[in-house]
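Here is a set of questions about one model. Each answer sets a value against its cut-off and concludes.

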Amino acid sequence: MPCDHTRTVNHNGAAIVMSEQSQWFSEAEQRDWQWRLTVANHNNIFCHCHACGREWIDSTDDAGCTCGSDRVEHIACWQFPDD
Ligand SMILES: [Zn+2]
């Protein structure tokens with residue numbers, strides 16, 4: 001996952017009055033985010049095999065190469081690599 005969202009923590013011990021809807025991520029919003037990721041990944045994962053040099057586009061980030069190697073680099077086209 002590209003993002004690691006942290007919940008707001010109250011450091012001074014005061015009571016935080018929040019409705020369910022005002023929390024950082026509701027369950028429905030998490031499902032919505034997962035769905036958005038799935039859609040964004042669809043035919044958008046650039047795969048590069050380090051064994052045979054094959055390059056292709058896939059929809060999952062755990063696809064292996066047809067040569068049988070699992071030394072495959074996966075880059076989501078909709079995000080920039082960390083380096
Ligand atoms: Zn290969």
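Q: Where is Ala 51 found?
A: Ala 51 sits in the loop between β1 and β2. Bear in mind that this is a predicted model.

Q: What makes Ala 51 buried or exposed?
A: The count of neighbours decides. Ala 51 has 12 other C-beta atoms within 10 Å. A residue is exposed if that count is 12 or fewer. Therefore Ala 51 is exposed.

Q: Which residues is Ala 51 in contact with, leaving aside neighbours within four places in sequence?
A: Ala 51 contacts Cys 65, Cys 67, Ser 69 and Arg 71. The cut-off for a contact is C-beta atoms within 7 Å.

Q: How far apart are Ala 51 and Cys 65, in sequence and in space?
A: Ala 51 and Cys 65 are 14 residues apart in sequence. From C-alpha to C-alpha they are 8.8 Å apart.

Q: Which residues in β2 are the bridge partners of Cys 47 and Phe 46?
A: Cys 47 has Trp 56 as its partner in β2. Phe 46 has Ile 57.

Q: What is the order of the strands in the open sheet?
A: The order is β2-β1-β3, with 3 strands and antiparallel pairing. The twist from one strand to the next averages 25°.

Q: Why do β2 and β3 stand at the edges?
A: β2 (55-58) and β3 (72-76) each have a single partner strand, so one side of each has no neighbour in the sheet.

Q: Which residue in the hairpin of β1 and β2 takes a positive phi?
A: Gly 53 does, with phi near 85°. The hairpin has 5 residues between its strands.

Q: Why does Asn 43 count as exposed?
A: Asn 43 has 8 C-beta neighbours inside 10 Å. The cut-off is 12 or fewer, so Asn 43 counts as exposed.

Q: How does the span of α1 compare with the expected value?
A: Helix α1, residues 27-41, has 15 residues. From first C-alpha to last it reaches 21 Å, close to the 21 Å expected at 1.5 Å a residue.

Q: Why is α1 said to lie largely in the open?
A: To be buried, a residue needs 20 or more other C-beta atoms within 10 Å. The number of α1 residues that are buried is 0, so the helix lies largely in the open.

Q: What percentage of the protein chain counts as buried?
A: Of its 83 residues, 4% count as buried.

Methods: Residues are numbered from 1 along each chain as its sequence is written. This is a predicted model: local features need pLDDT of at least 70, side-chain atom pairs count only at pLDDT 80 or more; totals for chains, interfaces and linings use all residues. Two strands pair if DSSP finds at least two bridges between them. Helices (H or I, at least four residues) and strands (E, at least two) are DSSP runs, numbered from the N terminus. Axes are lines fitted to C-alpha atoms, for helices over the stretch in contact, and angles run from 0 to 180 degrees between N-to-C directions. The expected span of a helix is 1.5 Å times one less than its number of residues. Two residues are in contact if their C-beta atoms, placed from the backbone, lie within 7 Å.
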